[in-house]
Amino acid sequence: MPEREVHPYGRSADDVRRRSLRTSRTRRLRITQLVVFAVLMVTLVAIGAYALQELRDPPPEPGVIEQKTFRSAGAELACPEPGAAPLPPAEVQVRVLNGTGRSGFAGSISEELAERGYVMGDPGNTTQASGPAIIVHGPDGYLAAQSLLAQVPGAQLRMEQREGVAVDLLLGDGFPGLAAPEAAQQVLDQPVQSPEGC
């Protein structure tokens with residue numbers, strides 16, 4: 001029987017080789033774990049830095065809403081006669097759409113406008129409210145929009161291709177409420193300004 005090779009420290013050469021292999025595998029595994037951990041840490045730090053920067057950036061200052069008119073492609077505004085006044089509330093049909101998180105908000109504003117003589121459609125919701133108040137009208141609805149604008153001063157006007165003079169009132173966050181009835185009536189009694197292009 002051949003003699004077993006003995007290591008100087010009392011272990012066989014096979015034991016030493018197996019121990020060396022185990023040590024080598026363990027070292028490689030630890031290196032792999034350290035690399036993965038380092039990559040994860042760098043990723044988390046980068047995400048945290050980005051999130052912190054987003055939180056530090058101040059939100060844009062809310063600007064003062066000026067009356068603006070937006071026209072959709074293909075819509076040609078019917079220009080009002082010189083000296084024309086806004087339509088009387090009884091001749092204006094309004095649908096109020098709620099773009100805020102306030103439940104029942106469109107219904108309450110609809111009731112207020114109905115008390116002021118407007119013909120109200122069914123209230124609803126919208127995702128198109130990009131400001132506190134937007135009045136949407138068709139090419140023939142400029143004077144109707146001006147009538148509603150008397151109740152909602154500072155609202156934006158948006159024209160789109162639609163039939164008739166019915167208008168929509170889109171309510172967004174920051175809507176300040178309707179104007180005082182007396183102030184609104186004074187505007188209704190005044191001639192409207194000619195829109196751009198007329």
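Student: Where is the place of Glu111?

Tutor: This is a predicted model. In it, Glu111 sits in helix H2, which covers residues 105-115.

Student: Is Glu111 buried or exposed?

Tutor: Glu111 counts as exposed, because its relative accessibility is 55% and the cut-off for exposed is over 50%.

Student: How far is Glu111 from Pro123 in space?

Tutor: Their C-alpha atoms are 9.9 Å apart. In sequence, Glu111 and Pro123 are 12 residues apart.

Student: New topic. How many salt bridges does the structure hold?

Tutor: There are 3 salt bridges.

Student: Which residue forms a salt bridge with Arg95?

Tutor: Asp168 does, with the closest N and O atoms 2.9 Å apart. Asp168 lies in strand E7 and Arg95 in strand E2, so the pair ties together parts that are 73 residues apart in sequence.

Student: Which residues make up those strands?

Tutor: Strand E7 spans residues 167-171. Strand E2 spans residues 93-98.

Student: What about a polar contact for the side chain of Asp168?

Tutor: The side chain of Asp168 makes a polar contact with the side chain of Arg95, at 2.9 Å.

Student: Is Asp168 buried or exposed?

Tutor: Asp168 is buried, because its relative accessibility is 7% and buried means under 20%. Arg95 counts as partly exposed, at 37%.

Student: Which residue forms a salt bridge with Glu160?

Tutor: Arg162 does. The closest N and O atoms of Glu160 and Arg162 are 2.8 Å apart. Glu160 is partly exposed, with 30% relative accessibility. Arg162 is buried, with a relative accessible area of 19%.

Student: And what is the distance between the closest N and O atoms of Asp168 and Arg162?

Tutor: For that salt bridge, the distance is 2.8 Å. Both Asp168 and Arg162 are buried.

Student: Which residues do the salt bridges join into one network?

Tutor: Arg95, Glu160, Arg162 and Asp168. Their salt bridges share partners.

Student: Over to the surface. Which residues gather in a patch of positive charge?

Tutor: Arg19, Arg22, Arg25 and Arg28 form that patch.

Student: Where is Arg25 found?

Tutor: Arg25 is in helix H1, made of residues 13-56.

Student: What is the relative accessible area of Arg25?

Tutor: The value for Arg25 is 46%, so Arg25 is partly exposed.

Notes. Residues are numbered from 1 along each chain as its sequence is written. This is a predicted model: local features need pLDDT of at least 70, side-chain atom pairs count only at pLDDT 80 or more; totals for chains, interfaces and linings use all residues. Side-chain values use heavy atoms; hydrogens and water are left out. Patches are made of residues with over 30% relative accessible area and no salt bridge: like charges are joined within 9 Å, nonpolar side chains (Val, Leu, Ile, Met, Phe, Trp, Tyr) within 5 Å. Accessible areas come from the Shrake-Rupley method with a 1.4 Å probe; for residues, only the protein chains shown count as cover. A salt bridge is a side-chain nitrogen of Lys or Arg within 4 Å of a carboxyl oxygen of Asp or Glu. Lys and Arg count as positive and Asp and Glu as negative; His and the chain ends are not counted. The place of a charge is taken as NZ of Lys, CZ of Arg, CG of Asp or CD of Glu. Helices (H or I, at least four residues) and strands (E, at least two) are DSSP runs, numbered from the N terminus. Buried means under 20% relative accessible area, exposed over 50%, partly exposed in between (1.4 Å probe, protein chains only). A polar contact is a pair of N or O atoms within 3.5 Å; within protein, one must be able to donate a hydrogen and the other to accept it, and residues adjacent in sequence count only if both atoms are side-chain atoms.
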